[in-house]
Protein chains: 2
Amino acid sequence: MTSAPTSPLANPWPDSPVLQAAYRARAAAVDLAPLPRAAKDDALRAIADALEVRTQEIVEANARDVERARAAGTSESIIDRLTLTPERVRAIASDVRQVVALPDPVGEVVRGSTLPNGLDLRQVRVPLGVVGIIYEARPNVTVDAAALCLKAGNAVLLRGSSSAYESNSALVRVVRDAVGGAGLPADAVQLVPGESRDSVRELMRARGLVDVLIPRGGASLIRTVVTESTVPVIETGTGNCHVYVDEHADLDMAVEILVNSKAQRPSVCNAAETLLVHQAIADRFLPRALAALAEAGVTVHGDERVLALAAGTPATVEPATPEDWETEYLSYDIAAAVVDSLDAAVAHIRLWTSGHTEAIVTGSQAAARRFTQLVDSTTVAVNASTRFTDGGQFGFGAEIGISTQKLHARGPMGLPELTSTKYIVTGDGHTR
Amino acid sequence: MTSAPTSPLANPWPDSPVLQAAYRARAAAVDLAPLPRAAKDDALRAIADALEVRTQEIVEANARDVERARAAGTSESIIDRLTLTPERVRAIASDVRQVVALPDPVGEVVRGSTLPNGLDLRQVRVPLGVVGIIYEARPNVTVDAAALCLKAGNAVLLRGSSSAYESNSALVRVVRDAVGGAGLPADAVQLVPGESRDSVRELMRARGLVDVLIPRGGASLIRTVVTESTVPVIETGTGNCHVYVDEHADLDMAVEILVNSKAQRPSVCNAAETLLVHQAIADRFLPRALAALAEAGVTVHGDERVLALAAGTPATVEPATPEDWETEYLSYDIAAAVVDSLDAAVAHIRLWTSGHTEAIVTGSQAAARRFTQLVDSTTVAVNASTRFTDGGQFGFGAEIGISTQKLHARGPMGLPELTSTKYIVTGDGHTR
């Protein structure tokens, strides 16, 4: 004989630091879910203020990470990504204030109607619950992700790179103090304890405590999480993006879009990695394109027809191997091939793409229409750089990542993508 | 040195019948994706017609399954679910014609805007691709699922119960002939080869070929798929639904909603499994409620306070064990407890619910508001039966299942839930 239990949540979870952290996050998520926007915005403002007030503490913790990285012989580019200066901390605080300005997705009525029997039906946005972020990137992700999750009413478990552990610890300490000071549960933001891969593995098995895992980082990390996690995952980021220059392209425009897509910032996922050129304009376009790429410092990995047309240009051109078609260089390299038709370009893309972003340059409405219909990637750009696939560029105000999967969210993920929905059905005693 | 490949899809998949079926489905999905509504509706009409013309063939195949089931000593209720009569085949055809009448979700512009730099941004619905349905239910699911997937531009892999193998084979043969006859790829609809559990296991590992798996059936099947699949899964169906009778409830209404929620059709996932009663009205409500449940043939599994109030009623009441709070009976049984407050009811629900549907009966606007805010299930019903959580009841025209997860889709899933989206960005040579 049992009375109804009244504890808010059962805690049958193993006594591991990771699972207990997740359990506390779950309890915090219950408190966050019904909060109105004003309460969440107050906490976000408190975070921004605290980051500015406690900049010194953050920068000092970061200096210890940087020192350790330098001693380990880490490359200067990675050290630059790791480093927090007072200016960078101010920029992080400013990003948090931008999240304050974004509308709260929670409570939005996605659809609603009165059913024929008089029942009122509303589908309303609600928080996802507990979001786990596994990332290798800069320490600013720690605060960005926390701010976005909080705004959408979610608790967040942050599992950053161990190389940034001191920085992340300091940032999370500051954020938690601010969140608690604003009257919200501090456990809404937690660093996942432990620096080893075991903590990632435990997170992946916390089905029932964690609602979604979002891995951000290298392809191998993402592959591991996607295949091993029993917690639902949103796959992000790998971008083998293509630029297809159609026979009806404006060639000046095509050169500009190509160089911008490849070289404006080669290290990011929306940078182009393969150029496809329609055979009808290859002899006019490629010499100019190769010269422009050479000027931008880009090495070309070309197929036979590209190599033939490269003669006499200042381009650095190497023969392409099959690996080149599937490589996300993230560097000043691009694969290049001549294709017989638009459909051949589509076939090449379908075969090799990671499904992130593909661009067509064309003056033909029919070609643009066919390309956008047949290419199935998160984003298809017509006469625009691949570099626009970005939450900020799309006007979402911020992004938690770029989903390259088809379920739940696809493309840049803003605040609405950090929510679920529920239906509310209201009647006057309706029965079936 | 390599030329760009032009085959539409690489086929590096192991030579297993399941994976090769999935590969053919993927190729078919590529052809389906750009089809306009008219082409898909023609195929659906052809399916409905063919089902009627070839009813005899279907009923005969079904008779062999039924004979086999009877020889195996299968219960009459399961044999009834398995049996196809000419009337039932006509009803299946009629369901397909209802799908014809539904709007095509593909191509819907979910959002669109012109960005400050003049880029046009559109988010457009596209098919998911290849959908795998694993089910134990009636053979009508075979045709329903195929029709819904086709309408949303998806290829479908059907893995039904081995007890319905002959029926499903006949149905899929008829559907494929009709699809092919209408000029669409017949491989858009396939029965997964093999009757053993191995074929399910292969399907769960076909990441990259299959875009989503939707298990429909018993809790253990769903648990297996959810924890073992590397293909993304949409969890469906388990319903431990609650009816909470608030202190401000109209007691007549509460009795009607309770009995309807529990007994109108106890075998389905939106039937109520637990009754929670506010202590302030327990002594007035419970004797009446228990009498009404007794009249409907329902056995009550009550806590101490329920047992005390059951004395002198015609009710069959047994003491509840902790298992009762989490059991989805799917029978004429209900767990029942008295709670001290609305918040205690919410705490009980949060602890035990499967997150499907919870109802509150109350005359208080404040209580309704608090309950709908705090309860986080796919559907929260106010003064209405739990039985309304259903795609047909919600006006979606049809449903492929009821998702009890938070990602991608939550609650009854109609055609839009069988789609993803992509962004189309259109410029005039825009670069960053």
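Is Leu158(B) buried or exposed? Leu158(B) has 0% relative accessibility, so this residue counts as buried (buried means under 20% relative accessible area, exposed over 50%, partly exposed in between, with a 1.4 Å probe and protein chains only).

A word on the ground rules. This is a predicted model, in which local features need pLDDT of at least 70 and side-chain atom pairs count only at pLDDT 80 or more, while totals for chains, interfaces and linings use all residues. Residues are numbered from 1 along each chain as its sequence is written, chains are lettered from A and ligands numbered from 1 in the order in which they are written, and side-chain values use heavy atoms, leaving out hydrogens and water.

Now back to our leucine. Leu158(B) sits in strand S4 of chain B, residues 155–159 (strands are DSSP runs of E, at least two residues, numbered from the N terminus). Beyond its neighbours within four places in sequence, Leu158(B) is in contact with residues including Ile133(B), Tyr135(B) and Val172(B); contact means heavy atoms within 4.5 Å. Between Leu158(B) and Gln98(B) there are 21 Å in space, C-alpha to C-alpha, and 60 residues in sequence.

Let's turn to chain A. Its domains, with bounds from an automatic or database domain assignment, are these:

| Domain of chain A | Residues |
|---|---|
| Domain 1 | 17–235 + 412–425 |
| Domain 2 | 241–393 |

The C-alpha centres of domain 1 and domain 2 of chain A lie 35 Å apart. Along its principal axes, the C-alpha trace of chain A spans about 85 × 70 × 40 Å. Of the 432 residues of chain A, 57% count as buried.

Terms used. Helices (H or I, at least four residues) and strands (E, at least two) are DSSP runs, numbered from the N terminus.
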